[in-house]
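Subject: Structure handover

Dear colleague,

Please find below the structure I said I would pass on. My notes on it follow.

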Amino acid sequence: MAPSFQWWAKESHRGTPVVVKMENPNWSMLEIESPSEEDFLPNRSGDKGRAMFGLVSAIRRRVSSGRTDSETGFEIAAYFNGWQFEAPHLKLQHLLTTPFGVQGIFDFIYSRWVLVRVEYLAPPLQFLANACIVLFLIQSVDRLILCLGCFWIRLKKIKPVPKERVRDIESSAGNADGSYFPMVLVQIPMCNEKEVYQQSIGAVCNLDWPKSNMLIQVLDDSDDPVTQLLIKEEVQKWQQEGAHIVYRHRVIRDGYKAGNLKSAMNCSYVKDYEFVAIFDADFQPNPDFLKKTVPHFEDNEEIALVQARWSFVNKDENLLTRLQNINLSFHFEVEQQVNGIFINFFGFNGTAGVWRIKALEESGGWMERTTVEDMDIAVRAHLHGWKFIFLNDVECQCELPESYEAYRKQQHRWHSGPMQLFRLCLPDIIRSKISVGKKANLIFLFFLLRKLILPFYSFTLFCIILPMTMFIPEAELPSWVVCYIPATMSFLNILPSPKSFPFIVPYLLFENTMSVTKFNAMISGLFQLGSAYEWVVTKKSGRSSEGDLMSLVEKDPKQQRGVSVPNLDAMEKEESRQELLQSQKKKKHNRIYTKELALAFLLLTASARSLLSAQGIHFYFLLFQGISFLLVGLDLIGEQVQ
């Protein structure tokens with residue numbers, strides 16, 4: 001059945017709108033000879049002459065063309081009945097002049113909203129969506145290539161091996177006849193970390209390395225007098241046990257960790273040492289750490305850094321630590337291992353690594369210009385032609401942040417700093433003498449793709465564009481973008497930690513949730529906004545301190561020199577003091593994160609809208625992502641804060 005056509009007309013002597021419906025109209029005629037505004041204007045003044053002239057003109061055109069059908073008679077009859085035709089877009093003008101135009105107002109508002117959506121909102125939103133999809137696919141290809149590289153390394157059992165003469169170092173451990181025991185400086189930078197100072201100092205003092213060839217610097221930047229006193233007493237105890245260890249405290253605490261390390265490297269006795277090993281306050285290297293890392297420098301003058309991977313004593317503490325373990329396992333086993341094997345470059349992790357002091361000096365030393373001093377020195381060393389080695393089979397234990405607040409502050413620093421560094425070192429990268437391929441890797445892969453594009457599209461695509469397409473359906477995201485590729489990427493990310501497969505869905509949702517913090521940090525670092533240089537020491541729990549010290553006592557005292565019962569007594573006193581202080585403080589409470597809650601409202605509203613439009617995959621994704629934002633916004637993930 002052919003569709004009908006409605007003419008809107010107004011009876012002039014009554015002032016009420018009239019709809020005249022024609023069945024099976026001659027559409028070809030209407031398309032050619034549709035009334036124009038000039039032909040049928042409203043006759044508010046009672047002057048019918050102009051309308052009559054327009055009607056006669058239309059009739060004359062139809063007669064001259066040989067088309068005088070019944071609809072022409074209808075127009076004449078309508079005119080003599082006092083009706084006048086209106087163009088459809090003039091309907092509101094008449095409805096507003098009548099007391100019965102309320103429904104027409106709503107119709108007009110909705111039609112205008114649709115017009116604004118189609119003409120102004122949908123095109124830029126669809127363009128942004130398409131751009132993010134392209135970036136998403138590029139980043140997914142990069143992840144896939146990294147995973148294939150990791151698979152190839154495992155298949156071929158590729159790993160860095162020291163030179164032939166050094167490979168037998170373990171068989172001659174403890175002997176000075178031909179063994180490679182260069183002078184090593186060990187640094188432990190810390191700041192107000194009373195929960196973990198004992199375990200880190202104890203672990204470093206038990207490194208299996210000749211005393212005469214190793215010096216330990218405890219670089220205490222604490223501004224709490226009580227913490228300073230406790231750390232100083234701990235150092236004195238180990239000195240009495242025979243450890244070659246010194247305590248340093250800066251009067252002027254500029255530059256955070258970079259300033260602390262720079263100040264320590266300016267000591268006159270540093271010139272006597274060839275290498276420097278760095279451990280943050282919560283890191284506990286195994287006794288054979290130096291024996292597994294330092295030999296890679298022998299007979300290989302191109303090596304500047306040997307980096308060990310991290311392992312986590314509290315990875316199963318709560319959901320937050322489990323999700324962090326997934327992310328960092330991929331970072332070490334896939335990103336750093338593949339880059340270390342194939343291009344001899346990766347970002348220094350700031351700890352659990354050994355540097356050649358000559359490489360540090362040639363690269364300009366530690367600088368306080370960003371909040372990622374470790375990445376800064378790594379990039380500058382790479383530009384000077386130095387090579388790096390990553391040892392995936394050498395682990396150093398540490399802690400993961402157990403509260404969302406601590407993790408959020410850490411991620412802000414980790415994602416703001418690279419953008420600060422990119423702005424500063426881009427001219428140096430372009431002018432450097434390294435190959436074009438290495439320059440392209442630094443600019444497009446290391447900085448732009450993995451540090452800028454990743455947080456940008458994660459936040460924009462899944463937290464903004466996707467919910468907005470529910471309200472602006474003229475722009476859309478395909479189902480494979482919403483479901484299949486994110487699921488595939490999460491599957492690849494979780495491969496290095498197969499025991500975490502039950503957490504693959506929470507991991508995907510949490511990573512999208514964290515994109516708000518990462519995006520904000522990236523923008524602040526790129527444009528030097530107020531929070532760009534914010535530095536907050538990551539809060540430690542020190543859960544493993546007691547167990548680690550007790551295990552040292554149970555081991556062979558000759559192997560683990562310097563362990564003493566007074567250390568345990570001091571630890572027990574400190575723990576009792578901490579318990580007393582904790583009982584006097586307020587109870588732990590949940591913080592409220594407004595950005596996450598605002599996005600939770602947007603996503604949950606969009607999920608309801610998608611349910612009404614029967615978009616299944618979009619609905620489930622928006623619903624669970626909204627719930628994830630809600631939980632994080634109410635601080636219901638991880639430990640609560642004081």
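Does tyrosine 593 count as buried or exposed, and at what relative accessibility? Tyrosine 593 has a relative accessibility of 5% and therefore counts as buried; the term means under 20% relative accessible area, with exposed over 50% and partly exposed in between (1.4 Å probe, protein chains only).

Before the rest, some ground rules. This is a predicted model, in which local features need pLDDT of at least 70 and side-chain atom pairs count only at pLDDT 80 or more, while totals for chains, interfaces and linings use all residues. Residues are numbered from 1 along each chain as its sequence is written, and side-chain values use heavy atoms, with hydrogens and water left out.

Overall picture

The protein has 20 helices and eleven strands; these are DSSP runs numbered from the N terminus, helices being H or I of at least four residues and strands E of at least two. Of the 642 residues, 51% are buried. Taking contacts (heavy atoms within 4.5 Å) between residues at least 6 apart in sequence, 79% join residues at least 24 apart.

Aromatic pairs

The structure holds 23 aromatic pairs. Rings of Phe, Tyr and Trp (its six-membered ring) pair if their centres lie within 6.5 Å; planes under 30 degrees apart count as stacked, over 60 as edge-to-face and the rest as tilted.

Tyrosine 593 belongs to another pair, with tyrosine 404: the ring centres are 5.1 Å apart and the planes are at 80 degrees, so the pair is edge-to-face. Tyrosine 404 is in helix H13 (residues 404–431) and tyrosine 593 in the loop between helix H18 (565–584) and helix H19 (594–612), so that distant parts of the chain, 189 residues apart, are linked. Tyrosine 404 counts as buried, at 0% relative accessibility.

Ring pairs also link a cluster whose members include Phe332, Phe390, Trp310, Trp355 and Phe446. Over the ring of phenylalanine 446 sits the charged end of lysine 451, 4.3 Å from the ring centre; for this, NZ of Lys or CZ of Arg must be within 6 Å of the ring centre and within 35 degrees of the ring normal.

The second largest pocket

The second largest pocket has a volume of about 320 Å³. A pocket here is an open set of points on a 1 Å grid over the protein atoms alone, where a 1.4 Å probe fits, with protein on both sides within 12 Å along at least five of seven lines; lining residues have an atom within 4 Å of a point. The volume is the space filled by probe spheres set on the points.

Its lining has 18 residues, and Lys315, Asn325, Ser329, Ser497 and Lys499 lie nearest the centre. Strand S9 (303–312), helix H10 (319–342) and strand S11 (387–398) each supply at least two of the lining residues, and S9 gives the most, with four. By type, the lining divides into six nonpolar, six polar and six charged residues.

Helix H12

In helix H12 (residues 373–383), eleven of the eleven residues are buried. Among them are Glu373, Asp374, Asp376 and Arg380. The buried residues of H12 pack against helix H8 (256–265), strand S10 (353–356), helix H11 (357–362), S11, H13 and helix H14 (436–471). Just after H12, glycine 385 takes a positive phi of about 90 degrees.

Single residues

Most residues other than glycine have a negative phi. Alanine 352 has a positive phi near 60 degrees; this alanine is in the loop between H10 and S10 and is buried, at 0% relative accessibility. Aspartate 299 also has a positive phi, near 60 degrees, but is partly exposed, at 46%.

Asparagine 260, in helix H8, is buried at 4% relative accessibility. Leaving aside neighbours within four places in sequence, its contacts include Pro189, Met190 and Arg250.

Regards

Note on methods
Nonpolar A, V, L, I, M, F, W, Y, C, P; charged D, E, K, R; others polar.
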